[in-house]
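Please read these notes with the structure open beside you. They are meant to be checked point by point.

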Amino acid sequence: MFVAIGSPKRLSLYTISSSSHYGMDSRVELLTPEGLRVDGRRANELRKITAKTSVFSQSDGSAYIEQGNTKCLAAVYGPREVRHRMQALADRAIINVEFNVAPFSTSERKKRSKNDKRSLEVATFIRQTFEPVILTSQFPRSQIDIYLQIFQHDGGLLQSCINAATLALIDAGIPMLDYVCACSAGCIDKVPVLDLNNLEESADTPELTVAILPRTGKVNLLEMESRLHIEKLASVTELATEGCMQIHKILDDVVRKNTQHLKDRLTS
Amino acid sequence: MPIPVISPAEKSYIEQGVETDCRADGRGRLEYRHLVLETGLLSQASGSARCRLGNSDVLVGIKVEIGEIEQDQPNQGRISCNVECSPSASQQFEGRGADDLNNTLTLALERLLSGPQSGLDLDKLCIIPGQQCWVIHIDAMVMDCAGNLFDCIVMTTRAALFNTRIPKTEIQDLGDGEFEFEVMDDVEDAEAIAGWENLPMSVTLYKIGERYILDPTILEELCSQVTLTVGVNKTGQVCGVQKGGSGSVDPSLLTEMIQTATTLAGPLIQQLDAKLAEEEKNVLDKRRKGEPVQKLGFFAAVI
């Protein structure tokens, strides 16, 4: 990426102005000495989360969650008949997850195929996260489908997917042991920070995503694919867990509000 | 997963309803369902829109990128369309179930939008003749399927194209036939797509029994044997005709259906365009006053 001399507003040659040009060259200050991050948050602050359930008519349960600028949608079908007879399990339901990122979700358009390795991996993570929580033994020989869609990618994909899936499963009335709340955390300049956005993620910040069951505090998912010093691991994980508890409160509020709305409509 | 099925009793009920001009939900034959349309929901995209027609939900995101020109049109930009039906839309779209439908809808949309019948000024999209041009990528995602998908997609695409802004470029002539261009960063300088007003709208008529209806629900779609999609622009010119379905239609009925579609499209385009202009005016007013603009997106209450 070249910066033209003399005219600060213009880029030269064939570059398109987009926020993704923060890359290898520029040193964007992710955490100022005063403790503020690029979007004005403190190190231990979550982005604003808004969510809604029952967004669609066809699916049994659906939810839409906006965490900062990341927009994620989850739709749940089930329990219903298994698509491939060979895969049916005699004693419980199978869980099928599909994860898809829209081509217009990132600043540069990128069309990913359904069999993209990253997408399949995220789908597998989510399936493993929900398998112990959903009471699958109540529905032998059936299938529960969770379809996830990302409309806007601003960091925290895995965590918003898990949170959206939780809301959608609750909306579908599928029995679960507990909420599953996920949050990401990282370490910038040796300070643990909560809920990374895309800018912070792409700047080689070590990032850890954790999903817990709030009532017991048990960890269902722990994922990190960057380097982090072992001494920092405990504090970062603890911060992420705290973030999960905050998210649990927000999700619980949304579920109760929507149920109250339904109840009001029934009794009015 | 099974394709939706319909019993003969239900089919007969719907056919009789269509005959007497009173459908299952109380509409007349040529009435649309409740329509919710919003533009500018996605900040990362160059243009976006979401439309909910009855329960059919379509989200369109448009990204404008710089690309190489096509050899047979060296002075024009181009449009590329892509329609994807999300598995959340219907039980049958799981795995590869939606592939066929995706292909059909993508090609139908491309047929309507690429070429002179779309009315867009593709010459304006050319940056350096013979080398670089703007490519408009239209990505439509069908989130919820409740009948009449194609009309919904075209409505949303029109609205998203209305909302799209193309960054301004400045070309420098280095001499020797060499050109260099710069893309302006300023959002205020970005311009709308030239020729947007001439975009056609599609009206799809579904033949049930001996009558035809507009904007069917899924069950009504299952009862129809012939569909006719007509693309009409605001001056009443026909921009494309396609017959679908697995039946045959009498030529006189065909002409009548095309006539009806052409007549219906006029007021529809007018009203939609008026609403889009009003929405944009509100947004600009709010921006000028410094008030925050709130886009509802999927939070819009539709019940």
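Predicted model: local features only at pLDDT ≥ 70, side-chain atom pairs only at ≥ 80, totals over all residues.

1. Start with the largest nonpolar core, which has 59 residues. The members that touch the most other members are F99(A), I126(A), F130(A), I146(A), L148(A), I162(A) and L169(A). Helix α2 of chain A, residues 157–172, gives this core its largest share, 10 residues.

2. Look next at I162(A). Which residues does I162(A) contact, once neighbours within four places in sequence are left aside? They are I126(A), T129(A), F130(A), V180(A), A182(A), A211(A) and L221(A). Two of these, I126(A) and F130(A), are also listed among the core members that touch the most others.

3. T166(A) is also found in helix α2 of chain A. Is T166(A) buried or exposed? T166(A) counts as buried because its relative accessibility is 0%, and the cut-off for buried is under 20%. Not counting residues up to four places away in sequence, T166(A) touches F130(A), M176(A), Y179(A) and V180(A).

4. Now turn to the contact between the chains. Chain A contributes 48 residues and chain B contributes 48 residues. Together they bury about 4,400 Å², with 53% of that area coming from carbon and sulfur atoms. Of the area that chain B buries against chain A, 16% is supplied by E94(B), F298(B) and F299(B), more than by any other three residues.

5. How many salt bridges does the rule find across the interface of chain B and chain A? There are 3. One salt bridge joins R83(A) to E94(B), with 3.6 Å between the closest N and O atoms. E94(B) was also named in the previous point for its part in the buried area. Polar contacts between the two chains number 19 residue pairs, counting pairs with both residues at pLDDT 80 or more.

6. On the side of chain B that touches chain A, the elements giving two or more residues are β3 (56–68), β4 (78–85), β6 (132–144) and β9 (178–183) of chain B. β3(B) gives the most, with 7 residues. Sorted by class, this side of chain B has 22 nonpolar, 12 polar and 14 charged residues.

Definitions and conventions
Residues numbered from 1 in each chain as written. Chains lettered and ligands numbered in written order. Heavy atoms only, no water. Core = buried A, V, L, I, M, F, W, Y, C linked by side-chain atoms within 4.5 Å. Buried < 20%, exposed > 50% of the residue type's maximum accessible area, 1.4 Å probe, protein only. Helix = DSSP H or I, 4+ residues; strand = E, 2+ residues; numbered from the N terminus. Contact = heavy atoms within 4.5 Å. Buried area = accessible area lost by both parts, 1.4 Å probe. Salt bridge = Lys/Arg side-chain N within 4 Å of Asp/Glu carboxyl O. Polar contact = N/O pair within 3.5 Å; in protein donor to acceptor, adjacent residues only side chain to side chain. Nonpolar A, V, L, I, M, F, W, Y, C, P; charged D, E, K, R; others polar.
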